[in-house]
Amino acid sequence: MTGASPAGPLAAVPAGPKFAVLFLASIALYAVPGLPAQIGFFVLAVAAVLLTRTPLPRLARMLAGLFLVVGIVAVTLVLTTGWEAAAVSALRLLSLCFLAYAVTLSTAFSEMLALFETLLRPARHLGLNPAQISLALSMTIRFIPEIRTQYLAIREAQFARGLHHRPVAVLVPLLVRTLESAQEISAAIDARCYDSAPPGPRPAPPVSD
């Protein structure tokens with residue numbers, strides 16, 4: 001598998017309560033108005049991210065793009081609705097993303113997979129395969145940030161070598177690393193004898209005359 005193992009106090013909390021808190025917090029962020037309340041949410045979200053004990057340089061690389069996007073949104077809102085509404089919206093977005101980062105950074109892939117399999121179990125009655133859906137969801141949530149982190153690390157290394165403005169010098173190593181990670185994940189799935197069988201009973205063979 002790729003990425004560092006979850007660490008810090010939040011890693012000891014089961015995945016279910018963490019995702020439940022994230023769900024309730026996302027509702028509260030939009031239900032509670034006012035700048036002071038959003039500042040309070042933001043402080044709690046920053047504390048949650050710091051509790052994952054992620055190294056600060058890695059955290060800075062992960063959040064750089066987020067700050068850029070939120071900054072553009074905030075400037076646009078300042079010009080159209082005023083500074084207070086812009087501050088509320090920016091803090092709301094940052095708090096929500098920080099909390100999501102805190103959950104994903106502190107939750108192991110296996111925990112996330114088990115949680116989604118449990119939540120999606122009723123979908124088997126609709127003809128869906130909960131195991132396959134939960135695997136897709138877990139890999140999307142867990143590994144897209146990891147691929148982005150790898151991209152930033154490779155880009156910095158190539159810039160240090162003087163390979164500016166050469167997309168191929170970044171994309172080729174990123175593709176190789178991504179394929180290596182995919183191979184490791186595939187081997188881990190095979191080692192676990194992952195259930196890929198379609199749900200429900202197989203249709204009975206037709207009766208010959």
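Mentor: Let's begin with a definition: angles under 35 degrees count as roughly parallel, over 145 as roughly antiparallel, 65 to 115 as roughly perpendicular and the rest as oblique. This is a predicted model, where local features need pLDDT of at least 70, side-chain atom pairs count only at pLDDT 80 or more, and totals for chains, interfaces and linings use all residues. Residues are numbered from 1 along each chain as its sequence is written, and side-chain values use heavy atoms, leaving out hydrogens and water.

Trainee: How are helix 1 and helix 4 packed, and at what angle?

Mentor: Two packed helices are described by the angle between their axes and the distance between the axes. Axes are lines fitted to C-alpha atoms, for helices over the stretch in contact, and angles run from 0 to 180 degrees between N-to-C directions. Helices are DSSP runs (H or I, at least four residues), numbered from the N terminus. Here, helix 1 (residues 15–31) and helix 4 (residues 83–105) pack at about 180 degrees, with axes 10 Å apart. They are therefore roughly antiparallel to each other. Contact (heavy atoms within 4.5 Å) involves residues including Phe-19 and Leu-22 of helix 1 and Leu-96 and Leu-99 of helix 4.

Trainee: Which residues have the most contacts inside the largest nonpolar core?

Mentor: A nonpolar core is a set of buried Ala, Val, Leu, Ile, Met, Phe, Trp, Tyr and Cys residues joined through side-chain atoms within 4.5 Å; buried means under 20% relative accessible area (1.4 Å probe, protein chains only). The largest has 25 residues, and Phe-19, Leu-63, Leu-66, Phe-98, Leu-99 and Tyr-101 have the most contacts inside it. Helix 4 gives the most, with eight residues. Tyr-101 touches Met-62, Leu-63 and Leu-66, not counting residues up to four places away in sequence.

Notes. Helix = DSSP H or I, 4+ residues; strand = E, 2+ residues; numbered from the N terminus. Buried < 20%, exposed > 50% of the residue type's maximum accessible area, 1.4 Å probe, protein only.
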